[in-house]
Amino acid sequence: MATGTAQEMRAFNRFYTNLIGALDYSRHLHTPYTLTEARVLYELVNAPRTDAADLRSAISVDAGQLSRMLARFEERGLVSRGPSGRDARRVNVVLTDEGREAARQLEERSQAAVESLLDGMTEAERELLAQSLRTARGILEDGTARSGAADLIRLRAPRPGDMGWIIERNASVYAAEFGWDGTYEALVARIVAEFAAGHEAGREAAWIAELDGRRAGCVMCVSDSAPDTARLRLLLVDPAARGHGLGDRLVGECVGFARAAGYREVVLWTNDVLAAARRIYERAGFELVAESRHHSFGHDLNGQDWRLRL
């Protein structure tokens with residue numbers, strides 16, 4: 001039985017590789033980049049960390065191959081490289097304006113190519129395809145989890161019971177660490193209830209982060225009242241799961257989703273006492289645009305508005 005499943009997976013891989021032109025990616029999308037180069041550009045735009053070591057881990061590429069690729073990018077004026085602010089032994093990679101434009105064009109062409117595959121399908125067929133892909137991904141991710149990999153991080157869509165967990169953990173963590181009262185729990189409950197009651201698929205989403213199979217964090221991306229603007233809400237990493245990069249992963253997922261959904265910017269509101277969260281936002285490229293004092297959750301606080309242009 002396993003042999004038959006393996007054969008079906010290999011047959012699908014061959015079919016899909018040919019369908020998307022993976023073996024001749026540059027000609028398929030009319031770009032000068034290979035599939036691996038395109039993936040590197042994608043990670044540089046969307047990943048919250050851009051050290052060469054993080055890139056190598058994200059795309060599972062050989063260190064020598066990545067180094068040669070980045071050297072070509074630097075020659076073309078797409079990236080700049082220098083010592084990492086986190087560790088001088090690491091190399092930080094940053095997209096130039098030309099690099100961001102190249103990544104934007106690649107994203108547009110990739111999106112158009114996939115949409116062309118869906119054009120001839122009915123709405124029911126597209127939903128069935130999406131559900132099948134989610135099912136396949138979930139099964140494969142669960143299989144990876146059972147393989148015993150240490151500190152396995154997984155981001156997934158919420159399941160029944162997760163919304164209640166988001167409320168409970170936010171209220172408990174902020175009460176314990178900052179002494180916030182029940183009005184904060186009430187605020188979180190309203191945000192969660194509004195999302196759960198009805199959100200726009202494809203434009204709004206929520207994620208649960210798991211660490212070794214246990215819920216460890218969350219974040220939401222919802223439409224803001226301002227045009228073409230997404231709002232990041234309820235970022236949380238459980239204290240027991242800190243130190244694994246979950247916050248960066250959650251924010252990176254939210255930003256990547258917002259960019260793919262067509263938003264022009266992502267905004268968020270936080271308070272300056274949440275120092276760890278602010279560092280995550282800074283690493284992801286958010287900029288502080290406004291501050292104001294307020295009395296909320298039983299304390300005098302300094303609220304901050306942050307923005308990331310996509």
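Arg-104 counts as partly exposed because its relative accessibility is 37%. The model it belongs to is predicted. The side chain of Arg-104 meets that of Glu-108 in a salt bridge, with 2.4 Å from N to O. Both residues lie in helix 6 (residues 97-118), and since they are 4 residues apart, about one helical turn separates them. In general, an α-helix has 3.6 residues a turn, so residues three or four places apart point the same way. Glu-108 is also partly exposed, at 48% relative accessibility.

**Confidence**

The mean pLDDT of the protein chain is 85, and 88% of its residues reach 70 or more. Where pLDDT is low, the predicted coordinates should not be read in detail.

**Salt bridges**

The count of salt bridges comes to 17.

| Pair | N to O distance |
|---|---|
| Arg-104 and Glu-108 | 2.4 Å |
| Glu-168 and Arg-169 | 3.3 Å |
| Arg-283 and Asp-248 | 3.1 Å |

In the pair formed by Glu-168 and Arg-169, Glu-168 is partly exposed at 35% relative accessibility. Arg-169, at 19%, counts as buried, because the cut-off for buried is under 20% relative accessible area.

The side chains of Arg-283 and Asp-248 also meet in a salt bridge. This pair links distant parts of the chain, with Arg-283 in helix 11 and Asp-248 in helix 10, 35 residues apart. Arg-283 is partly exposed, with a relative accessible area of 36%, whereas Asp-248 is buried, at 4%.

Salt bridges also link Arg-154, Arg-156, Asp-162, Glu-210 and Arg-215 in a network.

**Helix 11**

Helix 11 spans residues 275-283, and its buried residues are Ala-277, Ile-280 and Tyr-281. These residues lie on the same side of helix 11 because they cover an arc of only 100° around the axis. Their cover includes strand 6 (229-237), helix 10 (246-260), strand 7 (265-271) and strand 9 (299-309). Gly-285 follows helix 11 and has a positive phi, near 100°.

**Nonpolar patch**

Phe-12, Phe-15 and Tyr-16 make a nonpolar surface patch of about 320 Å². Phe-12 lies in helix 1 (residues 2-19). With a relative accessibility of 44%, Phe-12 counts as partly exposed.

Key:
Residues are numbered from 1 along each chain as its sequence is written. This is a predicted model: local features need pLDDT of at least 70, side-chain atom pairs count only at pLDDT 80 or more; totals for chains, interfaces and linings use all residues. Side-chain values use heavy atoms; hydrogens and water are left out. Patches are made of residues with over 30% relative accessible area and no salt bridge: like charges are joined within 9 Å, nonpolar side chains (Val, Leu, Ile, Met, Phe, Trp, Tyr) within 5 Å. Accessible areas come from the Shrake-Rupley method with a 1.4 Å probe; for residues, only the protein chains shown count as cover. A salt bridge is a side-chain nitrogen of Lys or Arg within 4 Å of a carboxyl oxygen of Asp or Glu. Helices (H or I, at least four residues) and strands (E, at least two) are DSSP runs, numbered from the N terminus. Buried means under 20% relative accessible area, exposed over 50%, partly exposed in between (1.4 Å probe, protein chains only). The arc is that of the directions from the helix axis to the C-beta atoms. Contact means heavy atoms within 4.5 Å. pLDDT is the predictor's confidence in each residue, from 0 to 100.
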